[in-house]
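Please keep the structure in view while going through the numbered points.

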Amino acid sequence: MGIDLPLIWAIIIAFGLMMYVVMDGFDLGIGILFPFVRDRTDRDTMVNTVAPVWDGNETWLVLGGAGLFAAFPMAYAALLSALYLPLALMLVGLIWRGVAFEFRFKADEAHRPFWDKAFTGGSYLATFCQGLALGAFIDGFAMTDGAFAGGVLDWLTPFSVFTGAGMLVAYALLGSTWLVMKTEGPLQSRMIALARPITWLLLAVIGAVSLWTPIAHPSIAARWFVLPDILFFIPVPGLVLLTSWQLKRLLRRGSHAGPFMAALFLLFLGYSGLAISLWPNIIPPGISIWQAAAPPQSMGFALVGALLIIPVILAYTAWSYFVFRGKVRAGEGYH
């Protein structure tokens, strides 16, 4: 029995994208929360919690994109053609917030507010565009002979706009719970107060997407309610409710790391629901990972490099988070 290279590569890419969502999500969430925190010292502390690690978080996005190019060139060409504008705007947002991240610490008092707004704007733009791309991916793409055959604005639909707004809510929850874990005092109390309504709002978003998706996409509805997919799908709604209840409970009890872990699991449940809905299609609605795969020789060659580099990325990521563990206090950190 041979090795199923398309399946292995699909797992690697899915893992890389999930790691990006997890690790850059709370980073972007900090920028999303900036308008709700006016004190300059508190804003500096918020940024200092991610200053040592924020740029390394985006390594996973590069890995996912490179893996898609190497293993599924048809999907890479189709998805980038279909999502060119939102992905380009996402990169603009990431670059803009990265510049603002550095410049806000060097700016004088007159220019600091501008760079704060730039950091916030870049975070909102990058996050919203990620949600747009996600919504368009769920909607599916018009394909002819393995190439994208749709229009330049096919990605812009009411559903994709809603998922863009939903992504802002999800990252805001990650950001607030991250700051609950990494800060203390009034700033931590403020984040606890923000995390509570954001949790309810995210639950509403998850519920709306869960209803909208099968109504708008009968093929997904059929997938949800047939064997064996229904066996995987049935536990997800219950786990979402249970995790949300636990998250609220941990916030009330004053737990530090617990709410962030619960928020991560809540995001993972949403990611797993997406996988159940679309598997094994890599170009929805009907092109599978096996149909879009590169030649076995190319996939095997690239896999050797991936299996070498992924442990290195995991190791230095774990080490950096270990070194910079603990609370961040006002006046300490990035300069």
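**Points on the predicted model**

1. Of the 25 residues of α8, 21 are buried, so this helix is largely enclosed by the rest of the structure. The model under discussion is a predicted one. Helix α8 covers residues 158–182, and at 1.5 Å a residue it should span 36 Å.

2. Residue Q130 belongs to helix α7, which comprises residues 112–139. Is Q130 buried or exposed? Its relative accessibility is 10%, and because buried means under 20%, Q130 counts as buried. When residues up to four places away in sequence are set aside, Q130 touches Y20, L28, M90, M167 and Y171.

3. The packing of two helices deserves attention next. Two packed helices are described by the angle between their axes and the distance between the axes. For α12 (residues 235–253) and α13 (residues 258–278), the angle is about 165 degrees and the axes are 9 Å apart. That angle makes α12 roughly antiparallel to α13, because angles over 145 degrees are placed in that category. The crossing of α12 and α13 is left-handed.

4. Which residues make the contact between α12 and α13? From α12 come V236, L239, V240, T243, S244, L247, L250 and L251. From α13 come G258, P259, A262, F265, L266, L269, S272 and I276. Sorted by class, this contact has 12 nonpolar and four polar residues, and no charged ones.

5. Residue P35 sits in the loop that joins α1 (5–33) to α2 (40–48). With a relative accessible area of 31%, P35 is partly exposed. Apart from neighbours within four places in sequence, P35 is in contact with R43, T120 and Y124. In sequence, P35 and K117 are 82 residues apart, while in space their C-alpha atoms are 8.6 Å apart.

6. Residue I313 is part of helix α14, which comprises residues 296–323. It has a relative accessible area of 5% and is therefore buried. Leaving out residues up to four places away in sequence, I313 touches T59 and W60. The C-alpha atoms of I313 and L61 are separated by 12 Å, although these two residues are 252 residues apart along the chain.

7. Most residues other than glycine have a negative phi, and most peptide bonds are trans. D145 has a positive phi of about 55 degrees, although it is not a glycine. This residue is found in the loop between β1 (143–144) and β2 (147–148). Its relative accessible area is 80%, so D145 is exposed.

8. P280 lies in the loop between α13 and β3 (281–283). Another is the bond from P284 to P285, with omega near 10 degrees. P285 lies in the loop between β3 and β4 (287–288).

Key:
Residues numbered from 1 in each chain as written. Predicted model: local features only at pLDDT ≥ 70, side-chain atom pairs only at ≥ 80, totals over all residues. Heavy atoms only, no water. Helix = DSSP H or I, 4+ residues; strand = E, 2+ residues; numbered from the N terminus. Buried < 20%, exposed > 50% of the residue type's maximum accessible area, 1.4 Å probe, protein only. Contact = heavy atoms within 4.5 Å. Axes fitted to C-alpha atoms, helices over the stretch in contact; angles between N-to-C directions. Parallel < 35°, antiparallel > 145°, perpendicular 65-115°, else oblique. Left-handed = near helix turned anticlockwise from the far one by under 90°. Nonpolar A, V, L, I, M, F, W, Y, C, P; charged D, E, K, R; others polar. Expected span 1.5 Å × (residues − 1).
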